[in-house]
Amino acid sequence: PPTSPEPNYFWFPTTEQQQRFIATYYRRAQQVMDDSGSNSITQAEATTTSTRQRLLPATEQELHQQVQGFVLVNHLYWGLWAVNQANVEGCHEFDYLQYAIRRLEQYWICKREQQQQPQQQ
């Protein structure tokens, strides 16, 4: 169990690391869809534009933007969870309020960074 209410964001992947991962993931996902005869969707379904759009965003940048949205949700969720835990369990064994503050601060940091990035049209 965590002993410090200070999340270590040093371990969070950098933008460059995220982009490399997404590029690899995106290429592999396209390969799987192209070779999907043995998968749960048929080859015909995998090659249709509408199915591809539902399964994989049009570009790597769009996928990265979607991931960043989930990062925001993650910080917000755990920040609010910690507020609830502080109310339910108190902060004697773990400082849930401090943890909540750090997660919500990170939410706003990430949100500002995302707003500064150009959005794909």
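Predicted model: local features only at pLDDT ≥ 70, side-chain atom pairs only at ≥ 80, totals over all residues.
Gln19 is found in helix H1.

Residues are numbered from 1 along each chain as its sequence is written, and side-chain values use heavy atoms, with hydrogens and water left out.

Now the overall layout. The protein has five helices and zero strands. From the N terminus on, the elements run α-α-α-α-α. Helices (H or I, at least four residues) and strands (E, at least two) are DSSP runs, numbered from the N terminus. Of the 121 residues of the protein, 27% count as buried.

Start with H1. This helix has 20 residues, 15-34, and at 1.5 Å a residue it should span 28 Å. The expected span is 1.5 Å times one less than the number of residues. The end C-alpha atoms of H1 are 28 Å apart, which agrees.

Which residues of H1 are buried? They are Gln18, Ile22, Ala23, Tyr26, Ala29 and Met33. These cover an arc of only 140 degrees around the axis, which puts them on the same side of H1. The arc is that of the directions from the helix axis to the C-beta atoms. On the other side of H1, Glu16 and Phe21 are exposed.

Arg27 also lies in H1. At 47% relative accessibility, Arg27 counts as partly exposed. Arg27 and Glu60 are 33 residues apart in sequence, yet 9.1 Å apart in space, C-alpha to C-alpha.

Next, the packing of H1 with H4. Their angle is about 120 degrees, and their axes are 10 Å apart. Axes are lines fitted to C-alpha atoms, for helices over the stretch in contact, and angles run from 0 to 180 degrees between N-to-C directions. H1 and H4 are therefore oblique to each other. Angles under 35 degrees count as roughly parallel, over 145 as roughly antiparallel, 65 to 115 as roughly perpendicular and the rest as oblique. H1 passes H4 in a right-handed crossing. A crossing is right-handed if the near helix is turned clockwise from the far one by less than a right angle, and left-handed if anticlockwise.

H4 (residues 60-89) and H5 (residues 96-116) pack at an angle of about 160 degrees, with axes 8 Å apart. That makes H4 roughly antiparallel to H5. The residues of their contact divide into 15 nonpolar, eight polar and three charged. Ala, Val, Leu, Ile, Met, Phe, Trp, Tyr, Cys and Pro count as nonpolar, Asp, Glu, Lys and Arg as charged, and the others, Gly among them, as polar. The crossing of H4 and H5 is left-handed.

Finish past H5. Gln117 is found in the segment after that helix. At 34% relative accessibility, Gln117 counts as partly exposed. Gln117 and Gln65 are 52 residues apart in sequence and 9.6 Å apart in space, C-alpha to C-alpha.

Key
Buried < 20%, exposed > 50% of the residue type's maximum accessible area, 1.4 Å probe, protein only.
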